[in-house]
Amino acid sequence: MPTFQDFDLPKSLQKALDGIGFTTPTPIQERAMPVILSGRDMMGIAQTGTGKTFAYLLPILKQWRFIKTDTPRVVILVPTRELVVQVVEEVEKLTEYMTVRTVGVYGGVNINTQKKRVYEGVDILVGTPGRLMDLALDNVVRFDTLQKLVIDEFDEILNLGFRVQITSILSMMKQKRQSILFSATMTDDVDEMLNDFFDFPEEVSLAASGTPLEKIKQIGYHVPNFLTKINLLKELLQNEEEYSRVLVFINNKRTADLVLESMEESFPEQFGVIHSNKSQNYRLNTMASFQEGTLRGIVTTDVMARGLDITDITHVINMEFPEVPEQYIHRIGRTGRADKEGVAISFISPKEQEPQIESEVLMEKEIELLSIPENIEIADRLLDFEKEKQKVKILLKRPKQEGGEAFHEKKDKNKKVNLGGPGKTKPKKTKPRNRGAEKTKAAKRKRR
């Protein structure tokens, strides 16, 4: 079995790895190393939780040489603010015994503070596409000495609507650079961007898109409505020893807040919430509390479904089943990481059974369905957002109805009369606006 010693890393980098306690590279780290060291562009396709961050950081830092410059030599783009913070932390761990200045930039905080840090000098710049483009347009970030561009979670960046920002950033960069791209799935958008902007990157594929992580046990319950889902969730979470570190996924922000309120009644101060409406400081503090074990779990939207390396999550619970099959893969990949076992539980309402089947087809694996425990109260009442969805569904299915008798009379009246030729209609008779004036003009003409 290969070890990091086989990579022949510089002593300072190997010492940092030893301090972290990593000895054995993951398959994607092993396969990406020679390609990145060769200088060729690379497209890495790998599941979430496979060690992609170190897969590009280790070869980049192995080749690191001191150059006197204050502009970034490496730019790393990721989709979310949380990922920026995480990648910066990983770089800082690996460069503990090296002289490398790392800066993270993202929206939601004061841009002037970030400008100041960039002006002071940066070697590795990690950022979200929107904030990096803002800084580049202000001429704060320049790419004169750029050697390597890394785009991590490429499919998610495009899925979040950052294509324009990515295109703008690429147009500002010099052509002579190495591009290292990582994506969990190869979508049409990713493929199109590769053709337009990158020089035949070598593909390093670890697993087919949608392949489930083998160490995750997947189970599901068919649940009639949302209030019953809350009852089931509370019942499962009574077992604090088993459900010790939990992520609860919801499809939208409003429902996430609603679930947290309900959780507070039964499990006060044990759960936090993270979604895009929360401030950056709140989100980072909640993440830190969860990592430290102060919080038992987090209720969240898909903002936490990608890339984040949160240790020892015992259970991922899909309170609402994701609408996109690939997103199900990303969610459950938050558990069962680093060779540990994990459990993914999905509460599936009748309208969510179709996405469930689509996800099973993508994975080529069925979710094990269990019966709802007999002691769970089955609610009759639907919440407002469930009623709204039903109402919209009914309206979409309802055929168009025309008006009553008066409507049909008016409709017939306005029909055009076909006079035999194409496009010909009966000419309208126009009435003079002022009949008195017309008669006067006619009398004058007679007298002449």
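1. Buried means under 20% relative accessible area, exposed over 50%, and partly exposed in between, with a 1.4 Å probe and protein chains only. By that scale E265 is exposed, at 63% relative accessibility. K234 counts as buried, at 17%. The two form a salt bridge, with the closest N and O atoms 3.7 Å apart. E265 lies in helix α11 (residues 253-266) and K234 in helix α10 (residues 226-237), so the pair ties together parts that are 31 residues apart in sequence.

2. Some ground rules. This is a predicted model, in which local features need pLDDT of at least 70 and side-chain atom pairs count only at pLDDT 80 or more, while totals for chains, interfaces and linings use all residues. Residues are numbered from 1 along each chain as its sequence is written, and side-chain values use heavy atoms, with hydrogens and water left out. Helices (H or I, at least four residues) and strands (E, at least two) are DSSP runs, numbered from the N terminus.

3. How many salt bridges does a search of the whole structure find? The total is 12. The criterion is a side-chain nitrogen of Lys or Arg within 4 Å of a carboxyl oxygen of Asp or Glu.

4. D70 and R101 make one of these bridges, at 3.0 Å from N to O. D70 sits in the loop between α3 (52-62) and β2 (74-77), and R101 in the loop between α4 (81-94) and β3 (102-105), so the contact ties together parts 31 residues apart in sequence. Both ends are partly exposed: D70 has a relative accessible area of 47%, and R101 has 30%. A network of salt bridges links D70, R101 and D123.

5. K93 and E90 form another salt bridge, their closest N and O atoms being 3.2 Å apart. The two are three residues apart in helix α4, separated by about one helical turn. K93 is partly exposed, with a relative accessible area of 39%. E90 is buried, at 14%.

6. Strand β8 (residues 216-222) is mostly covered, with five of its seven residues buried. Pairing needs at least two DSSP bridges between two strands. Strand β8 runs parallel to β13 (residues 342-348), joined by seven bridges. Q218 stands opposite A344 in β13. Three bridges join β8 to β14 (residues 368-370), again parallel. Here I219 stands opposite E368.

7. The largest nonpolar core has 38 residues. Such a core is a set of buried Ala, Val, Leu, Ile, Met, Phe, Trp, Tyr and Cys residues joined through side-chain atoms within 4.5 Å. Y56, L58, I76 and I124 have the most contacts inside the core. Elements giving two or more residues include α1 (11-20), α2 (27-38), β4 (124-127) and β6 (178-183). Helix α3 gives the largest share, seven residues.

8. The second largest pocket holds about 560 Å³ of space. A pocket is an open set of points on a 1 Å grid over the protein atoms alone, where a 1.4 Å probe fits, with protein on both sides within 12 Å along at least five of seven lines; lining residues have an atom within 4 Å of a point. The volume is the space filled by probe spheres set on the points. Of the 23 lining residues, E156, N159, D302, V324 and Q327 lie nearest the centre. Helices α7 (154-159) and α13 (325-332) are the elements that give two or more residues to the lining.
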